[in-house]
Amino acid sequence: MAGIELRGLTKSFAGQDVIRGVSLTVAQGEFCVIVGPSGCGKSTLLRLIAGLEEATSGTIAIGGRDVTRLDPWDRGLAMVFQSYALYPHMSVRDNMAFGLRTARVAEAEVARKVADAARMLRLEGLLDRRPAALSGGQRQRVAIGRAIVRDPAAFLFDEPLSNLDASLRADTRVELAALHRALGATMVYVTHDQVEAMTMADRIVVLDGGRVRQKGSPRDLYERPADTFVAQFLGSPRMTLIPVDVQDGQVVLPGGGRLSAPWAGLAQVGLRAEHARITAPGGGVLSGELIAAEYLGATLSVLVRVADGLTVAALAPPHLRITPGERVGIAIAAADLHPFAADGRRIDG
Amino acid sequence: MRRGDLLRWAVFAVAAFVMNFPILATLVTALKPPGEVMRNPSLWVQAPTLENFATVLTVSDRLNVYHYLWNSTVAALIGAVLPMVVAFPLAWAMVRRGVGRAVLFPTVVNLRALPLIIFAIPLYMMYAATGLLDTRLGLGLILAIVNLPLALLLLVNAVADLPVELEEASRMDGARLPRMLVRVVLPLCRPAFVTTFVFGFITAWNEFLFGLILTTRDAVPMTVGASFFFATSGGGVQWGVAAAVMIVAALPPLVLGLVMYRRITGSMVAGAVKG
């Protein structure tokens, strides 16, 4: 196992900058999730680490060794593709053994490693099947098995769960996290799904427009997002951004509600749904018309229009009896607000 | 059987008869004794005989059908296999690296549009100089050129249809280019190889022009050899013998086509990506 270090990495395709100067250290044994909207360059970044794309500038080091100009086969990494990319003309066994045989590992050793991986991934009964005869979840496990047997310096995952159905995705998420703990392996995992990122990562890297917006633990990023992009990308329902005025050291919300707050240069505040408490009309600092109430069992997810073009998402206790069209108030504690400047940066740093 | 089915089968039967009429007529003629061919033009043989086939299959001092069959087999195998060997790496390089896609690919594919006779004179002189005249290798080489455009076209399409992730996966698995081509790309192109082989072999087997120009005795292929039978005993055309030799000459590619047909269809990449 080894850590990965990226320094000033850039990549352009035909003059189009896709990765614009990414520096990132993935510690040995860390589960690092790169997350971002589609087109943010996250898959390209992974392919640069893999060696499937050549960096335009910058360096990549794996375990302290500069691999920037090395071909993929000399980097000692294993990759699980979004499409699984299993060799369709080979049995599950041969799929998993291909890398070992390429490295001319003795056949007895190949058999042992394949058997070990098959046991770990519950593939023992399927070793002689072709990929076409497997379910989506089984193919996925074969793809992971193919990576495991090679005992790589690090694992790379390119949206490995996106072709699975929802319940299988949740199960596999748990299994992958368990696998990470069992192997203690360095893993770099790319996804556009913020739930996957939040649940599995030791560290999340939020990528947007080929740049790193913020990196840190899921808790750091959720509780102290560095800018409005990260704030709105992580968390469901999305964080509401409320434009505010500052008068006499007080924050003035749309509709005239006031909160005392110490920040200078404040232009907007972010409000997580769980911090917005539904009250009777006039009972909070915001008020508006209830436009949707979704009963989710444990909570009631509601949307309140407090001004033209401004809708606040809130989570209410499920027993609350409110119907769309009603006027309601929203109570907020100033300490729960995320302060942002006009350019979207967090103010309290 | 319902009336719709009956009608459908009737239409099929008529179509099959019409399309295969020349073959049926040849087969029937081959089974008629010499006198009956001129006298009885119907498809019904009055006195069926294998006499014509016996004549064809008997080795005489002038004619040897086994020799022609062997020459054709060797030349057609060279003409079918060599283009695949040459075209496969080229096809991969064209698809994945863009090598020669702008100029070489259209040039090679357009070879098919040229009347082959324009190669005849320079080729004859070159073959005479290199000792390839009247050799099976020489004939096979020119047949390989004839088949190259089709082989390249089919293999380029086959490689282009493969998901590039499979190649990337094998690179991640440590495979360098030769191993990737042989162990991953080649097996997945097998249907295209089978198709290329079948069409290439049939084209090479049925080729007449170069066989006529470039061979005289040792390497005479079946197509040219068959023409020797038309006037076996001086005089007029021996229709019965000519028909019989045509049937013999047509059998090998026919059998190959029937045996391989099932393998031409069907994709190899099911289950590779998604599913």
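## Surface patch, backbone exceptions and cysteines

The largest share of the nonpolar patch, 5 residues, comes from α5(B). The model is predicted.

Reader: Which residues form the nonpolar patch on the surface, and what is their accessible area together?
Author: The patch lies on chain B and is built from leucines and valines. Its members are B:Leu77, B:Val81, B:Leu82, B:Val85, B:Val86, B:Leu137 and B:Leu141. Together they have an accessible area of about 520 Å².

Reader: Which elements give two or more residues to the nonpolar patch?
Author: Helix α5(B) supplies 5 residues, the largest share. Another element of chain B also passes the mark of two. The elements are α5 (65–97) and α8 (136–161) of chain B.

Reader: Is B:Leu77 buried, partly exposed or exposed?
Author: B:Leu77 sits in helix α5 of chain B. Its relative accessibility is 36%. Buried needs under 20% and exposed needs over 50%. B:Leu77 therefore counts as partly exposed.

Reader: Where is the cis peptide bond at A:Pro237, and which loop holds this proline?
Author: The bond runs from A:Ser236 to A:Pro237, with omega near 0 degrees. For the proline, look between a helix and a strand of chain A. A:Pro237 lies in the loop between α8 (228–233) and β11 (240–243).

Reader: A:Glu159 has a positive phi although it is not a glycine. Is A:Glu159 buried or exposed?
Author: Its phi is about 40 degrees. A:Glu159 is in the loop between β7 (154–158) and α5 (166–183) of chain A. The relative accessible area is 9%, and the cut-off for buried is under 20%. So A:Glu159 is buried.

Reader: How many disulfides does a search of the whole structure find?
Author: The search covers all chains. A:Cys40 is in no disulfide: the nearest cysteine sulfur, that of A:Cys32, is 13 Å away. A disulfide needs the two sulfur atoms within 2.5 Å. The count over all chains is 0.

Reader: What are the relative accessible areas of A:Cys40 and B:Cys189?
Author: Buried means under 20%. A:Cys40 is buried, and B:Cys189 is buried. The values are 2% for A:Cys40 and 1% for B:Cys189.

Note on methods: Residues are numbered from 1 along each chain as its sequence is written. Chains are lettered from A and ligands numbered from 1 in the order in which they are written. This is a predicted model: local features need pLDDT of at least 70, side-chain atom pairs count only at pLDDT 80 or more; totals for chains, interfaces and linings use all residues. Side-chain values use heavy atoms; hydrogens and water are left out. Helices (H or I, at least four residues) and strands (E, at least two) are DSSP runs, numbered from the N terminus. Buried means under 20% relative accessible area, exposed over 50%, partly exposed in between (1.4 Å probe, protein chains only). Patches are made of residues with over 30% relative accessible area and no salt bridge: like charges are joined within 9 Å, nonpolar side chains (Val, Leu, Ile, Met, Phe, Trp, Tyr) within 5 Å. Accessible areas come from the Shrake-Rupley method with a 1.4 Å probe; for residues, only the protein chains shown count as cover. A salt bridge is a side-chain nitrogen of Lys or Arg within 4 Å of a carboxyl oxygen of Asp or Glu.
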